[in-house]
Amino acid sequence: MENEEKKHSLGMTFAKRIFGFSMASWINCLISLISTPITTALFYPDELGKINLFISFANILIPFVYLGFDQAYVRYFNEPNGKNTSGSMFKLCLIISTIMSSIVSIVVLIGWKYFSTSIIGYKSITVALCLMVYIFATMVLRYVNLKARMENNVKSFCVQSITSTIIIKLSFTSVAIVNANAMYAIVARSLLLFLAAVIFSYSALIKCKYEKVDYSKTTLVELSKFALPIFPTTFLIMLNTSLAQLMLNKYADYSMIGIYSNAVTIASIITIVQSGLNTFWTPFVYEYHKEQSKIQKMHHVVTFLMFCMTLCLIGFKDLVYLLLVNKKYWASKSIMAILLISPISDTVSETLGLGIELSKKTYLKLPVYMINIIVNVTACYFLIPRYGIFGAALANALASLSMLISKTIIGERYYKCSDTYFRLIIGMIIIMTISIVNYYCDSFFVITLLSFCGLIAICALYKKTLKLLIETAKPMVGKLLKH
């Protein structure tokens with residue numbers, strides 16, 4: 001009886017923690033759902049394409065600012081090295097990344113003609129200055145966000161995350177009402193994000209202002225040994241994320257980039273689960289990794305939820321587009337389902353690649369993402385010139401699957417996170433089949449029927465996981481009904 005109560009209490013703790021950290025993702029998703037129809041109605045695809053190219057270039061440069069020290073902060077938060085505390089570790093890693101941000105800014109300033117021409121099609125020093133500001137602000141908000149996560153400060157994390165999303169969406173819509181021009185949107189977004197970074201960093205730093213930073217050689221060497229091997233991997237991840245849009249810019253036009261990025265935005269709805277997992281997963285793993293059965297159960301829960309949300313989104317895609325997307329962007333409906341394979345692969349690989357983190361062999365991520373980028377570049381090179389945005393989506397899916405496979409093979413060698421791969425393989429085959437049919441078939445009835453059948457098949461495959469989720473949810477629902 002005592003064991004049952006302990007098990008129930010632990011399940012409730014997991015559920016509350018996931019729900020707490022996922023709350024920001026749910027609210028951010030709601031904000032995005034509200035703003036998407038406004039954005040797509042006000043911006044033409046070519047202007048939205050330029051905005052997304054700006055973000056793509058920023059994402060490629062940001063890893064050079066972090067150099068892996070953001071991950072080092074997470075790793076040493078509970079075990080600060082040298083004479084540092086968790087507060088002074090925050091300041092130390094933030095200082096290092098600020099220095100790197102200055103160096104990256106100098107590079108951007110020197111090559112401002114290249115960056116501005118690549119992003120908006122003509123020379124503009126303003127675009128380069130915005131890129132510098134945006135990168136710095138993103139870096140600061142990243143550290144402040146990590147601090148809240150590691151402190152298990154759900155309230156602070158949610159406020160920061162939601163505020164950042166509101167600023168981004170507000171900058172789009174408010175500017176577009178006056179002038180739906182990419183340049184104005186880029187300027188507004190950069191300045192407002194910078195303002196948020198200043199406010200939140202001040203709040204975070206004031207709490208640890210009296211904590212002295214240990215700058216000793218031993219401390220810096222130990223931090224660097226952990227951080228620097230992560231940098232190439234982070235860079236490859238960001239490059240892989242932005243590659244399709246960069247290649248579309250080469251072989252297509254801004255309009256195609258806008259349509260493709262809109263499909264990515266709609267597909268990202270299911271990253272609610274991924275965002276919730278990412279904020280909760282690291283503290284959870286380091287706390288419970290010795291209890292392997294719990295980790296395995298969480299893996300199946302995450303995979304099951306991703307499959308279910310994906311099939312629901314594919315089945316109701318016409319309704320989603322009717323409510324959220326302007327007709328100018330409806331060409332992206334055909335590729336949206338294929339783009340869902342990427343967030344599924346990314347999320348599931350976070351669990352199956354767990355052994356890499358626990359073994360502290362972070363350098364093993366490098367071959368994983370090298371395979372990923374090679375597959376992506378090769379697929380983009382052959383598919384985009386021939387198939388356009390469908391080729392870009394297909395390349396993205398193939399690259400994501402290659403990453404999932406390689407990360408699973410390496411990660412599972414050091415920590416067995418799954419007791420069976422059968423359900424995952426069958427589930428991925430179901431999703432891929434429906435996604436391909438969705439591209440060639442525009443029938444709402446056919447796609448909805450296939451998605452419903454796929455959902456039944458997934459529930460049958462994961463019946464134990466479904467039962468576990470129902471048992472966990474019952475007490476929570478009961479409490480809500482009582483109140």
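In the predicted model, helices H13 and H21 are roughly antiparallel to each other, because the angle at which H13 (residues 292-315) and H21 (residues 444-461) pack is about 165°, and angles over 145 degrees count as roughly antiparallel. The axes of these two helices lie 8 Å apart, and the crossing that H13 and H21 form is left-handed. On the side of H13, the contact is made by Phe304, Phe307, Cys308, Leu311, Cys312, Ile314 and Gly315, whereas H21 contributes Phe444, Ile447, Thr448, Ser451, Gly454, Leu455, Ile458 and Cys459. When the residues of this contact between H13 and H21 are divided by class, 11 are nonpolar and four are polar, with no charged residue present.

A left-handed crossing is also found for helix H6 (residues 125-150) and helix H7 (residues 154-178). The axes of H6 and H7 come within 8 Å and cross at roughly 150°, which makes H6 roughly antiparallel to H7. The residues of H6 that make the contact are Leu141, Val144, Asn145, Ala148 and Arg149, and those of H7 are Ser156, Phe157, Gln160, Ser161 and Ser164. By class, the contact of H6 with H7 comprises four nonpolar residues, five polar residues and one charged residue.

The packing of helix H2 (residues 45-66) against helix H4 (residues 86-110) is described by an angle of about 140° and by axes that are 7 Å apart. H2 and H4 are therefore oblique to each other, and H2 passes H4 in a right-handed crossing. Leu61, Phe64, Val65 and Tyr66 of H2 make this contact with Ser97, Met100, Ser101, Val104 and Val108 of H4. Seven nonpolar and two polar residues, but no charged ones, take part in the contact of H2 with H4.

Turning to the pockets, the second largest pocket has a volume of about 260 Å³. Its lining consists of Leu352, Leu401, Leu404, Ile405, Thr408, Ile409, Tyr421, Leu424, Ile425, Met428, Ile429 and Met432. At least two residues of the lining of the second largest pocket are supplied by helix H19 (389-414), and at least two by helix H20 (422-440). In terms of class, the lining of this pocket has 11 nonpolar residues and one polar residue, while charged residues are absent.

Helix H19, which supplies part of that lining, also holds leucine 394. When the neighbours of leucine 394 within four places in sequence are left aside, the residues with which leucine 394 is in contact are Ile338, Leu383 and Ile436. The C-alpha atom of leucine 394 is separated by 9.5 Å from the C-alpha atom of isoleucine 341, a residue that lies 53 residues apart from leucine 394 along the chain.

Terms used
Residues numbered from 1 in each chain as written. Predicted model: local features only at pLDDT ≥ 70, side-chain atom pairs only at ≥ 80, totals over all residues. Heavy atoms only, no water. Axes fitted to C-alpha atoms, helices over the stretch in contact; angles between N-to-C directions. Helix = DSSP H or I, 4+ residues; strand = E, 2+ residues; numbered from the N terminus. Parallel < 35°, antiparallel > 145°, perpendicular 65-115°, else oblique. Left-handed = near helix turned anticlockwise from the far one by under 90°. Contact = heavy atoms within 4.5 Å. Nonpolar A, V, L, I, M, F, W, Y, C, P; charged D, E, K, R; others polar. 1 Å grid on protein atoms, 1.4 Å probe; cavity = no way out; pocket = protein on both sides within 12 Å on 5 of 7 lines; lining within 4 Å. Points joined across faces, edges and corners; volume = space filled by probe spheres on them.
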